[in-house]
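Open the model in your viewer and keep the selection tool at hand. We will go from chain to chain, then to where they meet.

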Amino acid sequence: MKKNYGPVYVAPLTGWLVVFFAIPISIIVYYSFLKKGFNGGVMHEFSLDAFRALYNPTIFKIAFNTFWIACASTAVMVALAIPASYFMARSRHKNLYMLLVIVPFWTNFLIRVYAWMAILGNNGILNSTLISMGLMHEHIQFLYNTNAVILVTVYTYLPFAILPLYSTIEKFDFSLVEAARDLGATKFTATVRVLLPNIRGGITTAVLFTFIPAFGNYAVPQIIGGSDSYMLGNVIARELTVTRNWPLASSISMALTALTTLGVLLFMRLNRSSMESARESATSAPVKTPQSGTGATA
Amino acid sequence: MRSAKPTGKFSLGMFTLTIIFLYMPLVILVAYSFNNSKMMAWNGFSLRWYNELFFSSENLWHSFWNSAVIAVTSASVSTVIGTLGAIGLYWYNFKFKKAISVAAFIPMLIPEIIIGVSLLIFFAGIKLQLSLFTIFLAHTTFNIPFVLMVVMARLEEFDFTIIEAAYDLGAGELQALSKVILPAAFPGVISGFLIAVTLSLEDFVITFFVSGPGSSTLPLHIYSMIRFGVSPVINALSVVVIAGTVVLAALSRNVVKYMFQK
Amino acid sequence: MRKSIRTICTVAITAIALSTILGCGQSKPKLFIYNWTYYIPEEVIKDFQKRYGVKVVYDMYASNEEMYAKLKVSGGKYDLVFPSGDHVSIMINEGMLEEIDKSRLTNFANLDTAVLPLIKFDPGLKYSVPYAMGTAGVSVSKKNFPEYKKSWHILEDPALKGRITMLDDMREVLGAALKTLGYSVNSTDTTELMQAKALVMEWKKSVVKFDSEAFGKGFAAGEFWVVQGYAENVFSELDENAAKDAEFFIPEEGGPMYMDNMVILKGAKNIDLAYQFINYIHEPEVYAKIMDFFMLPSINVPARAHMKVTPHYQIDDMLKNSEFKEDLGGYLELYNNIWQEIRVGK
């Protein structure tokens with residue numbers, strides 16, 4: 001390497017995020033230490049009320065519920081996306097498939113959710129088909145429960161799992177799997193132990209891309225969920241609009257961001273070490289080692 | 001790389017399942033756009049929603065074009081910034097590198113409504129008039145981390161000896177970038193761009209706060225229809241958009257093909 | 001191949017350039033309106049533009065609360081906004097509104113004098129002109145559930161378990177419960193509110209979801225038989241035949257009513273046009289057209305003679321027992337806590 005162009009490459013990124021993210025967000029962070037204004041906004045008076053209000057069992061309960069739904073949906077999405085993007089990466093029609101996966105998401109979210117209601121409703125297409133086939137006599141209640149929320153959440157964010165996985169698997173050297181098989185590994189072990197460690201960046205990205213939006217989403221639970229579904233994103237939005245308590249909206253968001261950042265860092269570390277140990281114990285297939293391990297997946 | 005070995009039945013099955021899953025609602029949507037009734041029950045074929053779409057929905061089209069312009073411009077700019085950033089962060093070592101690569105994904109973690117309000121306060125503070133331009137700034141901001149991460153994931157485990165070789169053979173920085181690094185990162189760049197377009201087209205919350213007079217986007221238009229019920233005209237519009245995308249994709253197929261085969 | 005890339009780029013740039021030119025090219029006077037999508041039928045706006053040779057820029061919001069949060073930070077250059085009563089009083093308190101000179105509104109006299117004295121959010125209507133009035137009642141699918149009493153107690157009928165939805169709106173749900181118990185929809189008394197909470201928890205046993213976004217669609221699909229909500233929201237999803245099988249009623253106990261109003265934002269640039277527009281809206285023929293579109297009752301007395309459609313309910317039905325929602329001020333937090341506890345099922 002001759003001249004170090006790194007800072008040049010990173011300058012637009014850093015500059016943009018400082019101006020349009022760091023500065024604006026620090027205003028909001030500052031708000032969390034102020035008293036709430038009577039009709040929204042803030043009074044410029046120091047106060048820790050917003051942080052004291054965080055200790056609220058109802059909020060904990062909502063946070064736990066949200067976390068659980070996001071985890072379940074993420075697990076389903078990644079499990080679906082790995083084989084699907086594996087297929088895409090090995091196919092001759094990569095670009096076509098990539099477009100095929102993303103195009104449904106260029107129609108409005110609400111419209112697609114309404115379509116799901118037409119499919120899953122009690123008088124919906126799925127129920128009437130099952131009944132007319134004589135498979136059952138009574139309709140099944142598909143909608144307005146946690147399973148429905150998970151299903152539609154999976155639907156909403158699936159391409160965000162597929163696209164990063166696809167772009168990492170696409171460069172994977174498939175001869176490695178064959179080499180492992182030549183050395184006596186079964187197809188399954190060969191795939192799991194050689195492929196997975198080599199696409200860990202893709203997996204991490206897919207998990208983050210799906211977990212984070214699923215965690216913040218509240219539109220799906222609101223429309224598809226039952227009378228108990230109430231999400232953390234909902235709480236924050238309501239503090240800002242309905243109850244006009246801006247400092248509290250800010251302090252909840254800060255707590256949430258701090259927790260998720262920690263979670264993400266922990267996840268990436270665990271992911272890395274488990275993948276590395278998997279790789280070490282893997283077959284003696286000639287696995288490439290990464291050039292540098294620093295902050296690669298961040 | 002491109003071994004012609006047939007792929008496994010399992011992955012084919014999962015892919016087919018995924019496609020069916022993704023397209024099931026779209027089939028419903030296309031059917032409803034031709035439904036003579038505004039209700040979910042089928043009531044005969046009709047073009048009434050298309051009629052309404054093309055002859056009496058000026059505001060809707062206005063919002064649609066706003067959305068399209070924002071999606072293309074913000075996705076392009078964020079793809080350029082994100083890709084350059086990913087290359088810089090991955091390929092070079094410099095001060096604050098690790099801090100930047102961790103900090104760059106924090107925008108993804110902040111609830112949308114907070115980003116929206118913070119940008120609104122910021123724009124109001126610097127006296128920037130709310131318009132399509134402020135929406136573009138906001139969308140580019142939330143798109144950048146996504147592009148950055150996809151491209152970085154792609155670059156991971158990239159065989160850097162190739163670049164070293166390029167340098168050894170006398171390639172300059174620009175040559176190495178355009179001839180070696182970018183082609184290698186390309187599927188990641190395209191994925192990032194597509195994700196950015198999608199995020200931009202979908203966003204309601206942030207857009208709401210940073211939009212100004214005359215710059216309503218399609219999601220704003222549709223969400224604020226909720227009070228009186230979302231009209232099936234939107235179904236017709238969605239079908240037109242999908243058809244338009246397919247035509248555009250077919251037209252640009254040659255371009256993409258060309259770029260892929262280097 | 002490179003040529004096609006260039007072509008695409010050229011097309012894209014031209015499209016962007018064109019849209020900017022088209023956007024700024026007109027030099028007609030402009031009126032900036034901020035309102036719900038379609039709350040003024042497009043036809044009415046077109047007629048206004050034609051008659052006065054002006055251009056209306058119409059932007060949308062999905063809820064009063066979001067609109068307020070946004071305008072609180074930045075006026076956004078709008079001239080005319082359509083907040084509901086409780087938000088009118090907040091905006092007055094925050095000094096966001098321009099006083100209205102009623103002598104400039106010849107059609108102000110058309111407004112129903114039985115309604116105006118009830119308005120407490122802007123006593124004497126110094127800052128706002130009423131636009132439309134209504135209430136969230138109950139829509140029933142008569143086909144599936146023919147026998148019922150017009151009361152909130154319908155929500156307790158065990159036969160309707162899993163067939164009921166209520167609005168995802170604490171004021172509407174708690175307001176209905178407060179009214180059922182004989183209290184005010186604006187009650188700030190903790191004991192009364194606790195009783196109301198207990199009643200809502202009772203209702204919740206049969207309520208399949210709290211929803212303001214898709215209950216009309218679910219009702220139209222036969223999924224829900226009894227829904228709390230705005231009549232126009234439900235009936236806009238039904239075609240003529242299906243509408244015959246549905247009935248909307250205001251429960252005998254009454255409930256919260258709303259009044260949406262036209263207000264001029266402080267610092268508005270096009271005040272004259274805004275007055276022109278407000279006056280235009282309350283022309284009897286124009287106003288009748290709007291209310292026909294939504295099948296809402298007219299608060300404009302002479303407009304009633306011009307209406308071609310019978311509204312879902314009459315002003316008198318509402319005035320019997322219902323009450324306007326007022327801003328809760330400091331008690332908002334209390335309502336919100338109760339609502340959160342209801343939603344998580346505690």
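Select chain B. Among its contacts with a separation of 6 or more, 79% come from residues 24 or more positions apart. Two residues are in contact if their C-beta atoms, placed from the backbone, lie within 7 Å. This is a predicted model, in which local features need pLDDT of at least 70 and side-chain atom pairs count only at pLDDT 80 or more, while totals for chains, interfaces and linings use all residues. Residues are numbered from 1 along each chain as its sequence is written, and chains are lettered from A and ligands numbered from 1 in the order in which they are written.

Now colour chain B by secondary structure. It has 12 helices and zero strands. Helices (H or I, at least four residues) and strands (E, at least two) are DSSP runs, numbered from the N terminus. Along the sequence, the pattern of chain B reads α-α-α-α-α-α-α-α-α-α-α-α. Its C-alpha atoms fill a box of roughly 70 × 55 × 30 Å along the principal axes. Of the 262 residues in chain B, 53% are buried. A residue is buried if 20 or more other C-beta atoms lie within 10 Å of its own, exposed if 12 or fewer, and partly exposed in between; these C-beta atoms are placed from the backbone.

**Chain A**

Select chain A next. Its secondary structure is 13 helices and two strands. Buried residues make up 51% of its 298 residues. Of the contacts in chain A between residues at least 6 apart in sequence, 72% join residues at least 24 apart.

Which residues have the most contacts inside the largest nonpolar core? Pick A:A81, A:V113, A:A161 and A:L165. That core has 274 residues. Helix 7 (residues 146-169) of chain A gives the most to this core, with 16 residues. A nonpolar core is a set of buried Ala, Val, Leu, Ile, Met, Phe, Trp, Tyr and Cys residues joined through C-beta atoms within 7 Å.

Zoom in on A:L165. Leave aside its neighbours within four places in sequence, and its contacts are A:A81, A:I82, A:S85, A:I199, A:G202, A:I203 and A:A206.

**Where A meets B**

Show chains A and B together. Their contact takes 86 residues from chain A and 89 residues from chain B. Several helices of chain A each supply at least two residues to the side that touches chain B, including helix 3 (57-90) and helix 13 (246-281). Helix 1 of chain A gives the most to that side, with 16 residues. By class, this side of chain A has 56 nonpolar, 24 polar and six charged residues. Ala, Val, Leu, Ile, Met, Phe, Trp, Tyr, Cys and Pro count as nonpolar, Asp, Glu, Lys and Arg as charged, and the others, Gly among them, as polar.

**Chain C**

Move to chain C. Look for 13 helices and 10 strands. The C-alpha atoms of chain C fill a box of roughly 65 × 65 × 45 Å along the principal axes. Of its 346 residues, 49% are buried.

Select strand 7 (residues 226-230) of chain C. Is it mostly covered or uncovered? It is mostly covered, with five of its five residues buried. Strand 7 pairs with strand 4 of chain C in the antiparallel sense over five bridges. Two strands pair if DSSP finds at least two bridges between them. Find C:V140, which stands opposite C:V226 in strand 7. Strand 5 (residues 164-166) of chain C runs parallel to strand 7, joined by two bridges. There, C:T165 stands opposite C:V227.

Go back to strand 4 (residues 128-141) of chain C. It also pairs with strand 8 of chain C, antiparallel, over four bridges. C:S141 stands opposite C:A246 in strand 8. Strand 8 (residues 246-249) has a covered face, C:A246 and C:F248, and an uncovered one, C:E247 and C:F249.

Now click C:K197, in helix 6 (residues 190-204) of chain C. C:K197 is partly exposed, with 19 other C-beta atoms within 10 Å. Beyond its neighbours within four places in sequence, C:K197 is in contact with C:I338 and C:I342.

**Where C meets B**

Last stop: show chains B and C. The contact takes 38 residues from chain C and 33 residues from chain B. Helix 1 of chain C gives the most to the side of chain C that touches chain B, with seven residues. That side has 20 nonpolar, nine polar and nine charged residues.
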